[in-house]
Amino acid sequence: MTGYFLRRLLWMIPILWLVTVITFLLMHAVQGGPFEAGESKSSSAARAALNAKYHLDQPIWTQYGYYMRGLLQGDLGPDLVNQGSSVNSLLKQSWRPTAELGVLTTIYATVVGVVLGILAAVKRNSILDHLSVGFATIGASMPNFVLGIMLVLLFAVKFKIFPAVGWSHGITDWRPVVLPVLALGSLPAAYIARITRASMLEVMGQDYIRTARAKGLRERVIVMRHIVRNALIPVLTLIGPIAAGLLTGSFIIEYFFSIPGIGRAYVQAILGRDYPMIMATTLLYATVIIVANLVVDLMYAVVDPRIRYS
Amino acid sequence: MNVRNRWILLLAAPLAVGLTLAAACGGTSSTDKTATAAAGGAGTTPTSTQTGGLPADAAPASQQVLSMNIQAEPNTADPQGVSYTYELSVNHQLFMTLFDQDPKTSQLIPWAAAAVPTTANGGIAADGVTYTIKLKPGLKWSDGTPLTAKDFVYGIIRGYNLKVSGAAYGGFITSIKGAEAALKLDPKSATYLTDVNNDLKDSVVAVDDTTLKLVAAAPSAAFLSNFTLAITAAVQEANVTALGANFGVAASASQMVTSGPYKIKEWVPKDHITIVPNDNYGGGSKPFLQQVTFKFIADMNQAYNAYQAGQIDEAAVPPALWPQISKDTSLTSQTYQEEEFGTRWISVDVTIPPWNNKDFVIAMNQATDRATIAKDVYFGLRKAWTAPCAAAVVDCDPTLFSNLEYNLTAAKASMAKAYPNGNIPPVTLEVVNDPTTKALATTLQSQWKQVGVTTNIITTDQKTLRADMKNHKSGTQITGWGMDYADPSDLWAIFTTASLGGNNLGFYSRPTYDALEAKQDATLDPAARKPILIELQKFLAADPPVIQFAVQLRVDLYKPYVKGLISSPFDYINYGDQFLKDVYIAKH
Amino acid sequence: MAQDGLTGATTPGTIAQPVLQELARAGGGRSLWGDALHRLVQNRLAVVGAILITLIALAAVFAPLISPYPYQRIFPGQIIAGLSASHPFGTNLAGQDTLARVIYGARNSLGVGVFVQFVILVIALVVGGGAALGGKYADALLMRLTDVVYAFPDLLFVILLQQVLAGTRLAAYMGGLFVVFFAIGLVGWVNLARLIRGQMLSLRTTDYVIAAEALGATRLRIVVRHMLPNTLSPVIVALTFGVPSAIFTEAALSFIGIGIQPPLADWGNMIYDGYGAVLATPWPIFFPALALAITFLSFQFLGDGLRDALDPRTR
């Protein structure tokens, strides 16, 4: 199995390389360059100077060569929109909000989803069940930006409990975190709740649970030790892709809450034709997705002994 | 067991875990955590203002903290690199130029200079092109070293170095002798810097430490106004050399040596810039505010939400909310209203059909119901306006453009003249995706339909929009002009052949107009200049380069404790943003 | 294990994958479609979903007949007007009737759902089927291709693709929406391709395929007669669940202004435009959001019902 994962790890290299090639070709096919005339009062000579400085006047493969040479040395290139700064420094500044948002949202979605799912299954057809199924349904039917609008209007503008924009600056500054996490996490939470509930119900109908009951074990022990533990196996394997999706798919929430994260920078980079930034973000996200995928496969093998990789 | 109680506990758990984690993440961060916690200005020394004398109703120095929204992140803090209004707002606090504009009267006033040179005070020589400027005595940089005329020579010439500055405004200061030659040099040449210096060394001269000599290429009424532009600010050569390519960049912004009332404390990319007083400022009285934070919130609604949530002290009013806010007595006391010193128009590409047909452009002007746009699209936050010049521009006469006012009968007549057979080609309106701009586009679409014109609306981003206009693909761009200074040359130069590829977005090129514009700029006597300016406006009314539609009425909200704001037409981004020196926080 | 929920909505592709793999394993020899239909009709929520989808589809098709006004018509002076008899859903920032725009917006939302699934199906059939049936090398090559596409961050890649296609002739179709539909389809096929491949590979070792081979059936006949029909049911379920996910993706892109061109109406974009006035009036956001939620849930319920009906194990 170690061999299998080593091969998978090695396989990441050609995949990521292909990602660079495809992204490079695509972004150069986008109309317009990073330095265009517009409301800025810069002259055409200045634009020509900038294009020359960043090799943008060279053929695309030469540009790709320059890029890959830098990349292999760990240099992700200059940040064309914020001149003078580099993509490395930009990513260094913006990865934290995105990572924090992704991790916190994953935790929120998992905990809420699992808890609601378990409660709904244990107390099947009770008010609790209906409530959590209702939450799961409503939560799943609202795009996160609609939820974001509602949360901001209610908790920031009306009750002034949480800030409307921005992100945490440190330990004590937890308030800006709450609304984005709720907006981003409720849909996956609803999803996890549904899966958990279904999985619980399935396990509860298994023979070995009946056996456990027949043995006279306490209900609490049965639920916690036998049902929950087995029912969470499929849920566990879902967390990888959900985390990857939340880490790489948070840009609308970042955009809406003005969170200085990578997602927002990526959209701005595409609109600003900031080539090195587009490349770097795509590569970073691709790596996150591949690793998450690998972790899922690993988890399958760990939690389900029937699966063997070779 | 009580399930209900446990359920509530379980619901609370994720929140608690999340918060603990947020705390843990924050704890490992290396970035400055004082941003919000120490918003009381812990890093500054309050002594200077206590002796400087705060107004009687002012809060203690530690509370002299203002947070405002400049809507976009500056690309740089390098004065030779800035050109957007949101950059200028910050830069004006950091770097002194020779002159400034009086926020109330728009008159040229001295800043680093001791006085505005005139023929009477001997500052302008008899030849009309040689200017002698004395600096205020004892000027210092924020690091305490003396600021001399040499620093201004360095800064002004640096503005022509395309490799460093991108020469924002480069085309504007061709009025210096040798500038035109310097701008034509090839930045890739090995001797580029020496060549730039050689072209300008006789026209930008430090006579002694406090005396500067400037030589104009030709007599020009707008010459001195150019030295209010950020690109002509002094920068410290030692500092520029030390920081190299990082001069003006966020990461090393706090190391920039400044000359203005403030210096940068921190610049957190994508979030905010914080400035604190420069204790060595010698260009005027020291500011009251001990800390000013400029946030970069692009969306007006988000900014308004942040204002309501108490995150910022200033925000613009989103147009759709204006009817509501203007009726809400608790909010009207927080609003500041002013007319922007600039105009909003639709640039039309007069080189491609149907815009190359003069009568068509006139017809479209006459078909544009500006009053409805001002009322329906902008909720009264814009004023219908037909002349391309704002009322405050010297010798602007709006009545000269009355032929272009909304008049369907006239519009149909002009259209019949333009296209007698009725085969009117469709036009394209490319706009950015913004609720208000799209409402404007759809309104124009339905108005132009009345004269038989089909309008295709395309929403896109700024970059594509500019590129398409430049490549003659779209034919229109909703834009306008915010005045840099009161002199009319700043506006009328836009429509000259010389501005093609720059601000002349519609490729308007008329030799007669070029001659008129050059003549007015070279005429120093206001009385002699006026008839030329009138003639110039008549020319534009008969052959319009744009569809002018509004002047903006800017309404900003300020928290009630923000006092000392100055109304100025120049600060077209925020009310008072360029003139913070009298602003203070009242006790609250 | 049985799956009770499968939205795939947060991120099209990534989340649904293990579930889809599960579905792939769930395939089996079923030919009694009538049986499945009967089970579907028994599921009340699925029936409600199907009826609502039909109604929305009818509204989309007959929009010009049932809409009170043309969607682009402007009512001067009636900007963000409240609910009234003449404008039951109010008007938007440009003074256009919200009811008319919600009705016409159904065209885009359903259009994106259906068109994207079509693109996905075509690519997934070619890639997944090709990998399963094309031999060892084709399998390796095509599966590595899916690995690469899988690695791209979906939503962000759609934006990049859309920007690339925006410069081409395609941008003119359907008011700019065509390129968005196409881009969403182009990145969304990976999981379905894997599902089809897995399904077909497992079918190849089933008794009846082996029996058909033994009886001398041609390869084409085996694929068309036995393998495709038996791959169909998990594919139908996956496609049904894919519809709301595609609708959300399009709405999200439209929300940040990518794709749709005014004066065309689109729910996601209506929500964005409504946000410009949300503090003045909630209605311009409320109705398109409600329409989006109803459509989403309808497909969800139908998908649940279809899965239960087509998968005999969940009976």
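**View 1. One salt bridge links chain A and chain C.** In this predicted model, the rule picks out one salt bridge across the interface of chain A and chain C. Its partners are the side chains of Arg194(A) and Asp304(C), with N to O at 2.7 Å. Polar contacts between chain A and chain C come to two residue pairs, both at pLDDT 80 or more.

**View 2. Several helices of chain A build the side that touches chain C.** At least two residues each come from helix H1 (2–29), helix H5 (127–140), helix H6 (144–158), helix H7 (175–204), helix H9 (219–248), helix H10 (251–256), helix H11 (262–271) and helix H12 (275–303) of chain A.

**View 3. Chain A and chain C bury about 4,800 Å² between them.** Of that area, 78% sits on carbon and sulfur atoms. As for contacts, 52 residues of chain A meet 52 residues of chain C.

**View 4. Leu294(A) sits in helix H12 of chain A.** Is Leu294(A) buried or exposed? Leu294(A) counts as buried because its relative accessibility is 12%, below the 20% cut-off. Setting aside neighbours within four places in sequence, Leu294(A) is in contact with Phe5(A), Arg8(A) and Leu9(A). Thr110(A) is 184 residues from Leu294(A) in sequence, and their C-alpha atoms are 20 Å apart in space.

Note on methods. Residues numbered from 1 in each chain as written. Chains lettered and ligands numbered in written order. Predicted model: local features only at pLDDT ≥ 70, side-chain atom pairs only at ≥ 80, totals over all residues. Heavy atoms only, no water. Contact = heavy atoms within 4.5 Å. Buried area = accessible area lost by both parts, 1.4 Å probe. Salt bridge = Lys/Arg side-chain N within 4 Å of Asp/Glu carboxyl O. Polar contact = N/O pair within 3.5 Å; in protein donor to acceptor, adjacent residues only side chain to side chain. Helix = DSSP H or I, 4+ residues; strand = E, 2+ residues; numbered from the N terminus. Buried < 20%, exposed > 50% of the residue type's maximum accessible area, 1.4 Å probe, protein only.
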